[in-house]
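Me: I would like to learn how to read a structure, one feature at a time. Could you take me through this one slowly?

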Amino acid sequence: MATEAEEIRGIGHSVRRKEDDRLIRGRGNFIDDVTLPGMLHMAILRSPFAHATIKGIDTSRAGALPGVIAVVTGELMAQHNLAWMPTLSYDTQAVLATDKVRFQGQEVAAVIATDAYIAKDALELIDVDYEPLEPIVTPQRALEGDAPVIRTDKEDQKDNHIYHWEAGDADATKAAFDGADVVVSLDTHYPRSHPAPVETCGCVADIDPATGQATIYMTTQAPHLIRTVFALVAGLPEENIRIISPDLGGGFGNKVPVYPGYVVATAASLLLGHPVKWIEDRTENLISTGFARDFHMHGEMALSKDGQMKGLRVSLLADEGAFHADAQPTKFKVGLFHIVTGSYDMPAAHVSADGAYTNKAPGGVAYRCSFRVTEASYMIERLVQNAAGELGMDPAELRRKNFIPKDAFPYQSITGFEYDSGDYHAAMDLALEKVGYEKLRKEQAKARKQGRLLGIGLASFTEVVGAGPHKDYDILGIKMNDGAELRIHPTGKAILKISCKTQGQGHETTFAQIVASEIGIQPEDVKVQHGDTDNTPYGLGTYASRSTPTVGAATAMVSRKIREKGRKLAAHLLEVSEDDVEFEKGRYFVKGAPENAKTIGEVAFAAYTNFPDGMEAGLEDVAYYDPPNLTFPFGTYAVVVEVDEETGVWKVDRVVAVDDCGVRINPMIVEGQIHGGLAEGFAIAAMEQITFDEDGNCIGSNFTDYLIPTAWETPKFELGETVTPSPHHPIGAKGVGESATVGSPAAFVNAVIDALWHLGVRNIDMPLTSGKVWEAIQAAKGA
Amino acid sequence: MQITVTVNGAEKTVDVEPRLLLVHLIRETLGLTGTHIGCDTTSCGACTVLLDGVPVKSCTVFGVQADGREVTTVEGLLTGGVLDPIQAAFKEEHGLQCGFCTPGMMLTGKVLLEQNPAPTDDEVRWAISGNICRCTGYMNIVKAIQTAGRMMAESTEG
Amino acid sequence: MLPSRFEYHRPGSIEEALGMLAELEDAKVLAGGQSLIPVLKLRFAAPAHLVDINRVPGLDQVSEADGALRIGALVRHNQMARSEVVTAGYPMIAAAAPQIADPLVRNLGSVGGSLAHADPAGDWGAVMLAAGASVVLRSPRGERTMPVSEFLIDVFTTALEPDELLTEVRVPMPPPRSSGTYLKLERKVGDFATVAAAVQLEMSNGTIGRAGIALTGVGTKNIHAVDAESSLAGAKPTEAAFAEAGRLAAAAASPVADVRGSVEYKRHMVEVFVRRGLATAATAAA
């Protein structure tokens, strides 16, 4: 409890993390660390083909291997109505294939054995008779009239088209384009990538045959949502299901979907009466779990000849894989992509989106994308770069000229968002100052005369996070409102139970800091509980940078409720009326007589020992928060590169990142999130990609093909900040987890394009490998 | 096959299959779960341990190869309840977020500091280029290792 | 991702090791294991026997003797990178060693194991070809020495007999006024080379004596660019000469298009690396 002299280490303090104590000792409790008595091990057999009919499966040899307890196929799962399961996008997904396999790596059968090595041995003994079918490896091919239908399991599906979705006003936008001086267009494929947290996905399913209690340890960022889905899918009563999400070794959206392995392990545990552990290996993770991006986009911007933006038009084709399993608010088929007008005062805009099935793993919404804001931000910031080039304008100037001015907030965007607050000019100014923009442009000109190619790339992103207001934001009908439950103990310590689930963002520390600021109990005295559905309020989980905007707000609100009850108790102890009691930094004092005070600790004790007649004992409450709006973090990033014309190799000289995420709860943790996001943005721009050959073989299903940069390739980052609080958030915070992954890829690519513009290069699709850069230079010079 | 391995200073005699990977011997046979598995192509370094003081990827060594040798895991950093400077520095500098790559990073960093007590940014980045992190963007890991070096220098001076 | 079962053998001497290789059917030698164990984990191979030679004494030293650098088969990549005798006298080797794989793999991976594995994307193969090195092979029948150019036959294929062990690599001591380098294009540390070039130049009286040029990642084995080498013998170390050598080396390469680059790009990079490498070597050798 805080003494008068001691400062309360609440919001704004770089409190060192409580979770570190166990992690630095190697005493984290990750999913593969969970061991239960009698536990069996499961391994999954996966399809080598991208598209094939299953003629038959013979599991007899596998079943006969000593140590193998059971072999499960789709047929067995079908008997329990579990061969198919719902996805988070109202589609269905095969748990274990029955009729066909629809992507390379799809789950076909599972072995449960006494140890993991034997389980793997048994996989080789399962014989599957496949009859290959034509694989669809591009969404364009998928939509051709003669393309084979992938989802023959769906009665009403006559082709491979999933959805069509639009935002904005097509007619107004057409008029804007018709009247424009200049139209700049860009065709770009934002490639398929993968969140690839260092820890893969897995579960330990433990159905107790005696009690019917299902305890499922699971790598999930959304334990409550999963529990409800399991109750509906497996027919298990929801009160008997306990999902425990332990320490997670990273998530980045990879640990949101329900994966077939979880369902099979749970079914196996139910049938066998033993706990069943399933941990996927890296190849399984990359080939079958929720991928990210894979948007084929065509964008156009209309401008006046002096650089005023008049209109924006984007059409896109989403490669959704074999099952539509996007984890995003149900109403929005391409998430929040319609934020694509970005930081600019855009008078007219239209988005047209289509989704197609292909013979690839399902997913799409993952990897810190903020529900497709990564794709949108990339599109607009690349268009701005190219527009500046076409107009012969400085790209910073073009941005400044069109930024939404700071006095225009709250700003109604033409595609339907209300941006809460922003000061884009300030962030841009700071970024340019830090990077030394004017000087760099002179250096660039000088270098060019010497034959050296320097490039400066900018990106000024506006993010949209914090889903969300219950009117528009739900997943499978469940509203995206989250909660926090706070209880103060007699000795003045507290326990805070939150509905979200950290995967490294430091919630055990940051949420305690919110309580500290509101009530005056130091963060180390506030235990934060998360991840166990039996012990935490209901919520939709941690992804899309939503924890601080939703649960952070709920935490502030529940703290205030408790503070108010505390006021009543304090009045009782101080023998004054409630209206005469004020609160500051953990002390309730009498108005005008501040020495007459009770600390929060004394008030907490009184809640159990000395409370007025008619008042319930205890000092606790719960709050569910319905955000009035989303929040809009923003920033400007500046990247400086040098390109070796002869080899196409490019090196990053500097990265300057100015972020504005409103109030920063823990500056040290915020900066860590930005570092991580910038590294991922660099990775996407430079080397990450999952591709497929013409047979549908996945190239990029292990870490020798799917490249994660090491510390040697990853550049250093210089950070700056501006602070524009969210006017509607209880503590003015906006959330920051994904800003850098959203905003930085365009900055890296713009830098390389800037270096090569004078040679005639206009676009290179990510990843910008040296080979592709070289080819682009050759093509431009040859043209 | 019966083997004897000295793990964090304690001799352990166990009977294992030759194909059992060292990382599984550590995690499953000996129950030391601080060493993690992150990939299947010897690419990520989450499984890094010290074999006779040298950092290696324990997923690419058979347990039987450690017979008669010394293995140090992250659990061996704590001595007499006192954190190793590398551990203290990682907490101080926010060198970890999810913590999954951290044991490997700390062990690799610790050995670097034994050879080079005051490494530059580049020297640290080169030394940890066999250890992948997804959360931190490496910035604070580099800082943590350098801070640990300074902490070690101060303690020997004082 | 987990290996199949095998029988494990741990010889304590070369003779014992050779005896095992002669007797056991379907056996593989385990040295550093950094190439072999990943293969076993993916079950691309499932040998019945593994012969672990890591406890065989006498194979882990690197030293100079009789006009050659003698590298024991079990010398680790990091050992080569830190060796004073290597750093002092063998700049091409010194440039290559730290670029192999990553720092952790370099602690276990061995020179002999790498050469015997004969991955066309392996670095030591190109370095040893350019250096004009030889390998010493021992079997129950005795010992033989052969140039690396004869030893490396094709992808993952060498001249090793099933009962033979590579025990030593011998690199001729370069004369004074020589230097070399290893240029490697990789997308990240630990990636296989997109293209790499090992280059060595021996100068005498202002002209080039012997040149060593070999390539990584652009064929079904490491490529010895003999035509490029011949073009430089007796030539003056000029930009034009280096450019010509680069072109000849590129012509000797047979790269395959993949995610790392097109055929044209890889060939172009061979030319660039050979040219740049020769220029670097010439400057250092002067």
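Me: How many helices and strands are there in chain C?

Reply: Before counting, note that this is a predicted model, in which local features need pLDDT of at least 70, side-chain atom pairs count only at pLDDT 80 or more, and totals for chains, interfaces and linings use all residues. Residues are numbered from 1 along each chain as its sequence is written, while chains are lettered from A and ligands numbered from 1 in the order in which they are written. Helices (H or I, at least four residues) and strands (E, at least two) are DSSP runs, numbered from the N terminus. In chain C there are twelve helices and 14 strands.

Me: What is the radius of gyration of chain C, and how is it read?

Reply: The radius of gyration is taken over C-alpha atoms, and the globule rule to set beside it is 2.2 Å times the number of residues to the power 0.38. For chain C the radius of gyration is 19 Å, close to the 19 Å that the rule gives for 286 residues, so chain C is as compact as a globular protein of that length. Along the principal axes, its C-alpha atoms fill a box of roughly 55 × 45 × 30 Å.

Me: Which share of the residues of chain C counts as buried?

Reply: A residue is buried if 20 or more other C-beta atoms lie within 10 Å of its own, exposed if 12 or fewer, and partly exposed in between, with the C-beta atoms placed from the backbone. By this count, 58% of the 286 residues of chain C are buried. C:Asp66, in contrast, counts as exposed, with 7 C-beta neighbours inside 10 Å. C:Asp66 lies in the loop between strand 4 (62-65) and strand 5 (68-72) of chain C, and its phi is near 50 degrees, a positive value in a residue other than glycine.

Me: Where does A:Pro410 lie?

Reply: A:Pro410 is in the loop between helix 11 (395-402) and strand 19 (411-412) of chain A. The peptide bond from A:Phe409 to A:Pro410 is cis, with omega near -5 degrees. Another cis peptide bond runs from A:Met766 to A:Pro767, with omega near -10 degrees, and A:Pro767 lies in the loop between helix 18 (739-756) and helix 19 (770-782) of chain A.

Me: How many residues does the contact take from chain A and from chain B?

Reply: Two residues are in contact if their C-beta atoms, placed from the backbone, lie within 7 Å. The contact takes 41 residues from chain A and 41 residues from chain B. On the side of chain A that touches chain B, the largest share, seven residues, comes from helix 17 of chain A.
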